[in-house]
Each structure stands twice: as structure tokens, then as C-alpha cells.
Amino acid sequence: MEVLRVEELTVRRGKRKVLDGVTFSLRVGEKFIIAGDNGAGKTTLIETVMGFIPAEGGRIYLKGREVRNEEDFYALRTTVGYVFQNPDDQLFSLTVEEELAFAPLNLKLSREEVERRIDRALKAFSIEHLREKTIHSLSGGEKRIVSIACVLTMEPEALILDEPTTGLDRKRFKRLVEFLKETDKSVIVVTHDVELIKSLGWKVYRLENGKLFLLP
Amino acid sequence: MFSLAVIDPRVKVVVLFLFSWGIALSPDFSTALSYLPFVCLSLVAAKGRILKLLKLLFVANTFLLFLVVTMVFTYESPRTVKVGALSLSVDGLVYGLLLLLKSSLILLLTASFLSTSSAFTVFHALHHLRLPANLCQILFFTYRYVHTVKEEYETMVKAAKCRGFRPENSVRTYRTFANIVANLLVKSYKRADRVYKAMLCRGFRGTFPVYHHFSLKREDIIFVVSSLFYFTAVVLWKF
């Protein structure tokens, strides 16, 4: 079964086609990488899928149902967790705990469930010690890990991570790779980090001149 | 010993509003001064922050002194004192000093009340007191991103200095700072857009959820009752 399907997605900036008929699908449990040079349109692709950039053409399906309006995109965003390229854009609460609670509180979950999800997300990356810390006191690597953890508390069925290794040291890099390999969620990693691509060993798509190719 | 830090921020905001309103409406010195013991007690209860608060008062009063001086020269009243060619208004001086006293009392009270809570808990309390959600969110995000904007500003200044920039009194310096400020504005706008997207990605639908909630304790009740008692006593005595 497909969690997400994108068909013939086209986005234009001025006269240039940033995305030119991009098609891919993400099945339950499937994991792959979208690689490409800087400015290739990787982030544009993800932001279009999430409904932030209007597409000139193409269709997006969430679990077989076409995503057409803002309400559909709300369902997509809470089903497919998106980790932003820059953690400072994603972490807007005052403390780590409040940051982690933001999504489950929006989903109107019970207090106990919110607590449970916070504990689980902190444990997943062994960052229990950061719970009470303020966001602005975190290092770049810590912010990166917290930005992933705060999407996990939403317990999405799929994850899209945009350049997730930026600012990570060796230890955290390894932990992230382990997590991505172990998780039972569907995952799309958008990156141009060759080491990450090698470490994951997943199917790789390349975005070039607005088109998406599957690399052999 | 009693400390303001243990009092529920909602209670502090309400009491602060009440007393600020009372002080601001005081028609004369004796009424305004009748709030002084309460302000002094608050300063003591702010524990260890008195020196910091008095410094703050000193800075604020340097601005207020300009206002007093302006009133002395501009306030129209029959009671004037001639000093050479200048005509000084006695009523202007009296009103100016009353204004200075009232502002100082409100400022000290505000500082002693709010310095004993974190900025975030104060915004949180305002949210609980049913202040418009948009206003609370603006206050919260301003506080949250002040550090980030400051870091960005410092980075840009460092980058300029690394390329030989030395601030001086010249058009080029002003232009450089104008560019830095313009860049900060553009970056802040773009960041605001991305933050909003990040919020949408985590189920945000216009209402900012609150994780920690307040609960009224015995000390809060005692504090609010005694403050109300004091306030009522002043009102009954003076009006």
C-alpha cells in the first residue's frame, strides 16, 4: 500500500521549470534517498508535496486519496512528518519538552499520551538530559536531533528528512543512521551527503534539471 | 520569608494591573505615596533583585527627567517664577514631579513582580487571563527569537569586521549598518514564513497549545486577599 504518491509534479519559477514532471511513490515501510546538487530543487519538491508551494501541474495522493485542499494537506502533514533543513526554523518553543509536546497537543491527545510520546522520543535518541533545556541553549547538533524527535512525537506513518546530517558529530551521525535503518516508518531522506547515502545503502533517486531519475 | 517568586504569575499580573491603575489615577502626592509601602514590600519580596531594579529605575528616570524639565518650561499656569528671560511654571514642576513619582512607583512594582517570573510564564499567564491569542503569540515569538536575531546581527557585524570594516562616523558606516538591518529584516521575514510552515507541519490550526498549566495555591490566595485589602484601604481612605 502507498502512503504517498506524487504524479507529474511541475513547479515553475519565472521561466525556469524547477520540477518537471516529477513522479514517485512511497510505500508502507519503504525507504529511499533523493539526492541532488545544491539548488537542484530538492527542498522545493518536498515543500510542494507538503502544500507550501503551489504546483503548476501534477497530483499528490495520500493513501490513495488525492490531496486537493488545505484540509487534505493538514491530513498529509500529520501523516508524513517533515524535518526541516534548518532546525532553527523548526524549533520555536522555549524548552525542549514544550517543543516535543507541540504536535501531540495540536492533535488533542490526552496528557498521559503526550507524556508517553515525549518520553519515547527522548529515549529514541538518548536525549533525556535535554528535556528541561531551553532551545537557544542547545548546540547545533542537539537542535538537529531535537528537531527530528519533535516530529516523532506526532507518530507519523512516514518521515521526510531534509539534509538531516548537517551539524552532526560522529556519534550523533551514527545514532541517526541506526535510527533511520531501524524505524518501521516509511522514510525519504533528501540529501547530498555522500557518507549518509553510503551508510544507509538505500535506493537513490537523483533530482537533476527538474527531473527525478532512479540511480542504478 | 515570603518571596514573590512562588506566587502564581496570573495573580501577579492581576494585582500589578490593579495597583498600576490605582497609582496612575492618583490625583496628588499623598495618594500616590500611600502606595509606597506596598511597592517597598514588593521590592523586599523580590529578593536579591533590589539593586538591579533600582538601576533600572535610574535609567528610566533619566528619560523622565527630560519630561519634567519640559513641563517646567511649557506648562501654562498662573504660578510662575521669572528667571531672567525665562518663565518657569511652578504647577508644571509639581505635575512633572507627580508624574515622575507615579511612573517610578509603577515601574518598580512592575519590575519587582515580573522579574520574579520568567518572561515565558508571564506570557503564559496572559494567555490564561484571556488576552487575545494573537497578542500572546506575538509576545512569545518575539521573546523566543530575540536571541536568534541577536546572534544573526552579531554574525553579520563579525563578518563585516573580518573584511576590514571599522565603524566610524561616516556615510559608509551608516550604509553598512543599514544593509545589516535590512538583511536582518529580510531574514526575519523569511524565518517567520518557515517557522509558520514548521508549525503547520505539526498540526497547528491557529491555536498555540499550552503544555504546563498553573494551579492556585494557598500562598496565592493569601497574597491576592492581602493585596486587595491594602488597595481597598487606600481607596476608602483617599477617595
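Q: Which residue stands opposite A:L207 in β10(A)?
A: Strands here are DSSP runs (E, at least two residues), numbered from the N terminus. In this predicted model, A:L207 faces A:L212. Its strand, β9 (residues 203-208) of chain A, runs antiparallel to β10(A), and four bridges join them.

Q: What do I need to know about the model and its numbering?
A: It is predicted: local features need pLDDT of at least 70, side-chain atom pairs count only at pLDDT 80 or more, and totals for chains, interfaces and linings use all residues. Residues are numbered from 1 along each chain, chains are lettered from A, and side-chain values use heavy atoms, without hydrogens and water.

Q: What is the strand order of the open sheet in chain A?
A: Two strands pair if DSSP finds at least two bridges between them. The six strands run β6-β7-β8-β3-β9-β10, with mixed pairing. The edges are β6 (80-83) and β10 (211-214) of chain A.

Q: How do I read the size of an interface?
A: It is often given as the accessible area lost when the parts come together. The area uses a 1.4 Å probe and is summed over both parts. Chains A and B bury about 2,900 Å² between them, 59% of it on carbon and sulfur atoms. In chain A, A:D89, A:F92 and A:L94 lose the most area to chain B.

Q: How many salt bridges are counted between chain A and chain B?
A: A salt bridge puts a side-chain nitrogen of Lys or Arg within 4 Å of a carboxyl oxygen of Asp or Glu. The count is five. One of them links A:E47 to B:K197, with the closest N and O atoms 3.0 Å apart.

Definitions and conventions:
Buried area = accessible area lost by both parts, 1.4 Å probe.
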